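Q: I have a structure open and would like to go through it bit by bit. Can we start with the loops and then move on to helices, strands and rings?

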Amino acid sequence: MSQFKTLPTLVTIAVAMTVSGTAVAAPAKDHTQIQHNGVKYRKKAESMVKKLSLSEKLDILSGPGMDLTTYQGQDAINLDESKDVSGVAGYINGVKNRKLDIPAIKLADGPAGLRINPTRDNDHSTYYATAWPIGSLLASTWDTRLVEQVGRAEGNEVKEYGVDFLLAPGMNIQRNPLLGRNFEYYSEDPIVSGQIAAAMVNGLQSNHIGATIKHFVANNAETNRFFNDTIADPRTLREIYLRGFQIAVEDAQPWAIMSSYNLVNGTYVNQRQDIMTDILRGEWGFKGLAMSDWFAGNVSGLTSDFSGDVGRDVESAAKQVSAGNDLIEPGGVKADLAASYAAGTLSMEAIDNSVVAILTQVQKTPSYLNYSYSNQPDLDAHAELARQAAAEGMILLKNSNASLPLSSGAKVASFGTTQINTLKGGTGSGDVNAAYIAHIAPALEEKFEVNSELTDYYTTYFAENKQTNDALLGGYEYCEEPPVSEQLQILVDAAAQNDDAAVITIGRQAGEGGDRTNTRGDYLLTDEELQIINAVSAAFHAEGKPVTVVLNVNGVVDSTEWSDKVDSILLAYMGGQETGNAIADILAGDVNPSGKLAQTMPKSYSDVPSAQTFPGTDIDNDGLVDESHYNEGIYVGYRYYTSFDVDTAYPFGYGMSYTNFEYRNPTVVANTLGRKGKKGGLIQLSATIHNSGDVAGKEAAQVYVSAPQGKLDKPAIELKAFAKTSLLQPGQNEKLAFTISARDLASFDASRNKWIIEPGAYQVYIAPSSDINGKLNGAATAPVTFTVSKEIVVSETTPGALALPQGVPTAGLITVAK
Ligand code: BGC
């Protein structure tokens with residue numbers, strides 16, 4: 001059978017599993033066009049469904065499963081062997097009958113680029129894809145135009161390698177810094193997540209391939225991920241966790257959405273009619289298809305680490321389809337669906353609704369349209385863009401005495417094994433099979449005179465001490481830092497004498513299937529890492545020479561313990577295959593850093609509002625986490641730190657530049673809030689950004705709103721808009737425009753099921769970061785004001801949706817409130 005060709009890939013995966021400018025946002029697509037086409041495709045899908053037998057319909061609702069050899073309806077997949085793509089994560093089955101010929105549709109990960117196998121049996125060609133910067137780094141650019149551009153290039157690879165849907169972007173809220181998949185996600189803030197995701201979706205879909213926003217919703221821990229129940233109140237779910245998805249759906253209409261593994265308030269997300277249908281389609285107008293995450297909803301009975309069997313729910317697939325989760329992935333559950341239909345627990349109406357939702361999107365795909373793909377995307381051009389995007393999102397956290405940039409040709413002493421084994425991205429489905437990775441050591445050599453004795457030392461140390469970690473969906477190499485031995489101390493001392501500056505790289509890896517821990521070697525630095533920072537700082541500072549730490553990390557790490565010791569800190573995250581080059585561009589000043597934090601760096605992990613409740617609680621004492629209680633409610637990230645006056649290491653929105661910017665003339669340009677027929681109206685603002693330093697640079701300006709005291713408890717400030725300047729020359733100005741829609745300004749009144757804007761005077765801070773009081777650098781931001789004369793009801797929502805489980809009162813759950 002043709003489809004057997006993909007079997008080795010799928011089996012490998014299964015085995016791996018068992019072992020272990022002035023624009024405020026990217027220009028929205030022409031919605032009339034989307035609606036118009038949507039109607040056309042939907043009508044056709046409605047006529048197609050009439051030509052399908054029950055068995056064929058069920059083939060469409062359930063993917064073929066991971067192991068194609070055991071798929072009951074092998075003929076139904078309708079996959080042309082010559083068009084298969086090795087390494088895709090799943091398929092939508094096709095159908096071939098007398099009246100219809102619908103090919104199988106290919107779905108591939110993921111958030112940092114297309115994850116397919118780079119080589120194929122009996123084939124000399126290679127199929128490498130670009131490893132783009134991780135989501136957290138892209139969001140830190142605060143540049144929706146750039147993210148859209150990345151999306152266009154990334155989507156071009158999807159199309160030119162013959163894939164139909166990219167299983168990305170990931171856009172869960174970074175509720176806690178230890179979430180193992182934070183690297184795939186954008187921000188702790190829903191406006192940043194939503195606008196960056198919308199830009200990415202617009203970019204991807206400009207290629208006429210589908211984007212799949214994921215993981216919908218409140219999937220904020222990886223521990224025991226198939227079974228963890230998120231307990232959160234409706235207001236928290238709507239304002240923090242659903243909001244970003246809403247923005248992406250309303251502003252970019254992704255072709256698909258992937259529901260998450262977790263339960264919400266006692267029921268699997270993918271089995272919740274309120275989430276999958278009432279809110280997603282009813283309230284937000286989602287027109288795409290909804291698919292499950294792989295094996296979600298206990299369709300398989302497998303435990304989260306695939307090591308045991310807890311007994312599967314044979315009705316799960318039917319419950320999912322009935323709720324509006326159209327497609328079960330990877331599938332293999334056609335027999336379950338058939339049995340449920342026979343038993344009367346799955347209606348023909350639900351089946352048809354989902355088949356129509358799927359076929360509406362299928363008709364737009366390259367496979368359906370028989371697109372003849374080249375297998376030759378322009379990887380060189382994409383590498384250039386990846387390097388640019390990576391450098392734009394890296395964040396300069398500290399730069400005492402302007403010790404960076406280093407002068408060109410400076411003698412640099414580079415420390416750390418991560419300069420040899422640089423990390424391009426996280427593990428799991430967020431990984432990409434790229435042709436290469438630009439490591440830090442050779443990249444520095446392109447710009448500086450690098451101490452070769454040290455590089456040789458680390459190269460040898462890495463070769464002799466590297467280990468392999470069996471991460472889910474693929475292992476990775478890593479190496480602990482060496483202790484500061486006599487030999488290393490001699491090298492440090494010599495470097496301090498002979499070189500001009502030191503760069504120490506610290507690395508951290510993580511990925512799906514597990515969360516990080518607040519321990520040494522993970523969130524905290526190891527003794528060896530602290531030792532090398534101490535030894536290098538002592539030796540270099542004795543010679544009056546600067547020390548920079550580069551963090552090549554998947555998520556934030558502690559800095560409090562060591563930041564005083566060094567002069568500069570660059571949070572480089574993981575910049576994809578061009579990571580080393582982008583770091584070198586910034587250290588050399590070829591790129592002026594303009595990235596800013598889209599997640600807070602706390603002073604101490606214990607300050608995090610969810611520190612006590614992450615990743616969850618073992619309710620039944622079986623050694624596994626069962627429930628995550630969102631006790632902090634809406635006070636996630638900076639909403640908490642600013643409201644409760646908790647100092648941070650580096651606040652949300654923060655990032656330095658090699659130049660300085662002044663914010664001039666913050667102005668409320670228009671206030672049409674409450675105007676009928678305009679979706680509740682909007683606020684328009686502007687401010688002029690002036691480059692008052694002496695090098696060119698870009699600035700990401702942020703708009704924070706402080707709401708008047710009303711009925712609802714509100715955070716001290718909330719981000720409502722942002723925009724980034726173009727490259728401003730010294731002395732140059734740019735006037736930025738910002739729009740706050742009524743939607744984005746509103747708060748959720750759970751007692752009335754309404755989104756409302758309360759009356760009163762709103763203070764608006766157009767500021768360089770959430771540090772509006774200038775705690776970090778002494779520069780407080782003066783607010784401007786707009787007024788709302790009477791309450792505005794922006795929208796009404798589904799009564800009773802998202803209710804807490806019986807016996808859990810909101811007041812008992814929320815322990816963090818003003
Ligand atoms: C991940 C998804 C991914 C899917 C297919 C799942 O384990 O959670 O993000 O898209 O696998 O690889």
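**Loops, helices, strands and rings**

A: G110 is found in the loop between β4 (105-108) and α4 (135-139). This is a predicted model.

Q: What is the peptide bond from D109 to G110 like, cis or trans?

A: The bond from D109 to G110 is cis, with omega near 0°.

Q: And which kind of peptide bond joins A168 and P169?

A: A168 and P169 are joined by a cis peptide bond, and omega there is about 5°. P169 has its place in the loop between β5 (165-166) and α6 (190-205).

Q: Next, N298. What is its phi?

A: N298 is not a glycine, yet its phi is positive, about 55°. The residue lies in the loop between β11 (289-291) and α9 (316-323).

Q: Is N298 buried or exposed?

A: N298 has a relative accessible area of 13%. Buried means under 20%, so N298 is buried.

Q: What about phi of N665?

A: Phi of N665 is near 50°, a positive value in a residue other than glycine. N665 lies in strand β23.

Q: Buried or exposed, that N665?

A: N665 is exposed, with a relative accessible area of 56%. The cut-off for exposed is over 50%.

Q: Changing topic to helices. How many residues of α3 are buried?

A: Six of the eight residues of α3 are buried, so this helix is largely enclosed by the rest of the structure. The buried residues in α3 are E56, K57, L58, D59, I60 and L61.

Q: How do α3 and α11 pack?

A: Helix α3 (residues 54-61) packs with helix α11 (residues 348-362) at an angle of about 55°, and their axes are 9 Å apart. The two helices are therefore oblique to each other.

Q: Left-handed or right-handed, the crossing of α3 and α11?

A: The crossing of α3 and α11 is left-handed.

Q: And at what angle do α3 and α10 pack?

A: For α3 and helix α10 (residues 334-343) the angle is about 130°, with the axes 9 Å apart. α3 and α10 are therefore oblique to each other.

Q: Which crossing does α3 make as it passes α10, left-handed or right-handed?

A: α3 passes α10 in a right-handed crossing.

Q: On to strands. What is the order in the open sheet of three strands?

A: The order is β23-β24-β27, with antiparallel pairing. β23 (661-671) and β27 stand at the edges and each has a single partner strand, so one side of each is left without a neighbour in the sheet. Neighbouring strands of this sheet are turned by 20° against each other on average, direction ignored.

Q: How many bridges join β24 to β27?

A: Nine bridges join strand β24 (residues 682-691) to β27, and the two run antiparallel.

Q: Which residues are bridge partners, for instance of L682 and L685?

A: L682 has S741 in β27 as its bridge partner. The bridge partner of L685 in β27 is F738.

Q: Which residues of β27 are on its covered face, and which on the uncovered one?

A: In strand β27 (residues 733-741), E734, L736, F738 and I740 make up the covered face. N733, K735, A737, T739 and S741 are on the uncovered face.

Q: Now rings. How many aromatic pairs does a search of the whole structure find?

A: The search finds 25 aromatic pairs. Among them, Y457 and Y461 form a stacked pair, 6.2 Å centre to centre with 25° between the planes.

Q: Where are Y457 and Y461 in helix α14?

A: Y457 and Y461 are four residues apart in helix α14 (residues 452-465), so they are separated by about one helical turn. Both Y457 and Y461 are buried.

Q: Which residues form one aromatic cluster?

A: W142, Y638, F652, Y704 and F722 form one aromatic cluster.

Q: Last topic: charges over rings. Where does R120 lie?

A: R120 lies over the face of Y127, 3.5 Å from the ring centre.

Q: And where does the charged end of R175 sit?

A: The charged end of R175 sits over the ring of Y630, at 3.9 Å from its centre.

Definitions and conventions: Residues numbered from 1 in each chain as written. Predicted model: local features only at pLDDT ≥ 70, side-chain atom pairs only at ≥ 80, totals over all residues. Heavy atoms only, no water. Phe/Tyr/Trp six-rings, centres within 6.5 Å; stacked < 30°, edge-to-face > 60°. Buried < 20%, exposed > 50% of the residue type's maximum accessible area, 1.4 Å probe, protein only. Lys NZ or Arg CZ within 6 Å of the ring centre and 35° of its normal. Pairing = 2+ DSSP bridges. Axes fitted to C-alpha atoms, helices over the stretch in contact; angles between N-to-C directions. Parallel < 35°, antiparallel > 145°, perpendicular 65-115°, else oblique. Left-handed = near helix turned anticlockwise from the far one by under 90°.
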